[in-house]
Amino acid sequence: MSKIIITIVGKDRVGIVARTCNYLAENQMNILDITQTILQDYFNMMMIVDISRAEKSFDDMAKELADVGNEIGVAIRCQREEIFTSMHRI
Amino acid sequence: MSDMINISEVLETNNMVAHEKLDVRTITMGISLLDCADSDLNQMNAKIYNKITTYARDLVATGDAIGREFGVPIVNKRISVTPIALVGGNACKNSADFVEVAKTLDKAAKEVGVNFIGGYSALVSKGMTPADERLIRSIPQAMACTDRVCSSVNVGSTKTGLNMDAVRLMGEIAVKTAEATKENDSLGCAKLVVFCNAPDDNPFMAGAFHGVTEADAIINVGVSGPGVVKTALEKVRGENFEVLCETIKKTAFKITRVGQLVAQEASKRLGVPFGIIDLSLAPTPAVGDSVAEILEEIGLERSGAPGTTAALAMLNDQVKKGGIMASSYVGGLSGAFIPVSEDQGMIDAVSEGALTIEKLEAMTCVCSVGLDMIAIPGDTKPTTIAGIIADEAAIGMINQKTTAVRLIPVIGKTVGDTAEFGGLLGYAPIIPVNRFSCDAFVSRPGRIPAPVHSFKN
């Protein structure tokens, strides 16, 4: 399975999760886990997403997700999961 | 699902990149040029150019793609090649011929977009062949007429002793290189390293070359992360040494794992085997990316204060202990780097008089790699530079470690002036050098014999 971590940071508002999930659904990307927290008034969300059925290249996906974020005023970023498992799991 | 990554881990990693300057300092592709040897100079240069531009064609794009996908900057993509004195021995009848090879390397580096190519080198720890000497004598011109070529000369080892003829010659070559590049604060010397016990698989410049014991091509990765270590230590101020050491080890582990991941990914995508991770703490001139700042956080007012050597020894050892578990193949230089011009905290320490060249020499006994990026007065005698090289090489020889000297005698400048090298190479205040002569010592021909390996005192 090929997994990415999506992080969303910004001022909390209506529709952040909905807009992001719409994009993921349209592109055959399956959400495995969602966590969110408010840190210093900022909305912080993390999703673990399975992209093995997605057809888009990583760069296209990253750019389009960043564009979705720009439309709603939050920063959306995606990274391959291995960077985190390498660093935090033995 | 309980082993899934959690949000605090994600934020920790991304914070290291965003605020603590975590990056992968270099992906360095080592390429053997032994099969490019030819009796005809033009033929050989064509083969060298083709081999480098074929193997490394996708190096920069691949490094950038990996950086984007993992969200960790990969600052430099570089190439190291077989020591050119070995490759060009047949084709290069004189030093001018060797300079043509340097130009070929420079052209190939520019074609594939790497910022440095290392391996304009000679390995002369016991003796020099005529080709070795021709290459060494070509270094000033080669450094002056190329932009990206780095040069290194290995003048000694624990097994062979020190080749004092080469040491003396390198004192002269350092001054000639400085003169040949005096318009740019003698920048040529920033691309020239003199080694003892040079490793075959070092990914860091200016001393990287692709050793003859290596495969046809290899991927070596150098990690970094002084800022991450410094920030981690801010949270344990006043704690005992056990807590201090644990914190450094854990941080070094995390940093090195990033390098390991990037190295494996680069190896897979480029179809070139993975060699080693060099788990060095490599500073840059940026504030917050400094080894000196770590020493200050440990408890020194400035680097160079009493206690500096002990603090650095402890830091270096913990970085190794943490890093070694993160990768099965650790090599290169692997330790804390203490270049002066590339570390804002070191620059400040020199400017304030806390750090002298003699204290830096002592510090090199307990860390990698040597007297690095130190600007000295432009009128320093070649024999004095040779004496400094001999001292540093002796430390490496006796202690079975790599040591190196990268001194810049800045032509036209003296103590009180500052040399500007630009970019990652930074700037440096000119440091005073002991004015007493060692002429009669370094003028003796021959070798210092290899040391005995027992009776350790």
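The largest nonpolar core of this predicted model has 178 residues. Such a core is a set of buried Ala, Val, Leu, Ile, Met, Phe, Trp, Tyr and Cys residues joined through C-beta atoms within 7 Å. Buried residues have 20 or more other C-beta atoms within 10 Å of their own; 12 or fewer make a residue exposed, values in between partly exposed, and C-beta atoms are placed from the backbone. The residues with the most contacts inside the core are B:Val155, B:Val167, B:Met170, B:Val262 and B:Ile389. Helix α9(B) (residues 241-270) gives the most to this core, with 11 residues. Helices (H or I, at least four residues) and strands (E, at least two) are DSSP runs, numbered from the N terminus. Beyond its neighbours within four places in sequence, B:Met170 contacts B:Val153, B:Val155, B:Val194, B:Ala386 and B:Ile389. Contact requires C-beta atoms, placed from the backbone, within 7 Å.

The model is predicted: local features need pLDDT of at least 70, side-chain atom pairs count only at pLDDT 80 or more, and totals for chains, interfaces and linings use all residues. Residues are numbered from 1 along each chain as its sequence is written, while chains are lettered from A and ligands numbered from 1 in the order in which they are written.

Strand β3(B) (residues 116-123) is mostly covered, with eight of its eight residues buried. β3(B) pairs in parallel with β2(B) (residues 74-81) over three bridges. Pairing requires at least two DSSP bridges between the strands. Here B:Ile79 stands opposite B:Ile117. β3(B) also runs parallel to β4(B) (residues 149-157), joined by six bridges. B:Ser121 has B:Ser152 of β4(B) as its bridge partner. With helix α6(B) (residues 130-144), β3(B) and β4(B) make a right-handed β-α-β unit. In this sense, with the strands pointing away from the viewer, the path from the first strand over the helix to the second runs clockwise.

Helix α5(B) (residues 95-112) has 18 residues. Its first and last C-alpha atoms lie 26 Å apart, close to the 26 Å expected. The expected span is 1.5 Å times one less than the number of residues. The buried residues of α5(B) include B:Phe98, B:Leu105 and B:Val112. B:Gly113 follows α5(B), with a positive phi near 85 degrees.

The contact between the chains takes 23 residues from chain A and 20 residues from chain B. On the chain A side, α3(A) supplies the largest share, seven residues. By class, this side has eight nonpolar, eight polar and seven charged residues. Ala, Val, Leu, Ile, Met, Phe, Trp, Tyr, Cys and Pro count as nonpolar, Asp, Glu, Lys and Arg as charged, and the others, Gly among them, as polar.

Conventions. Two residues are in contact if their C-beta atoms, placed from the backbone, lie within 7 Å.
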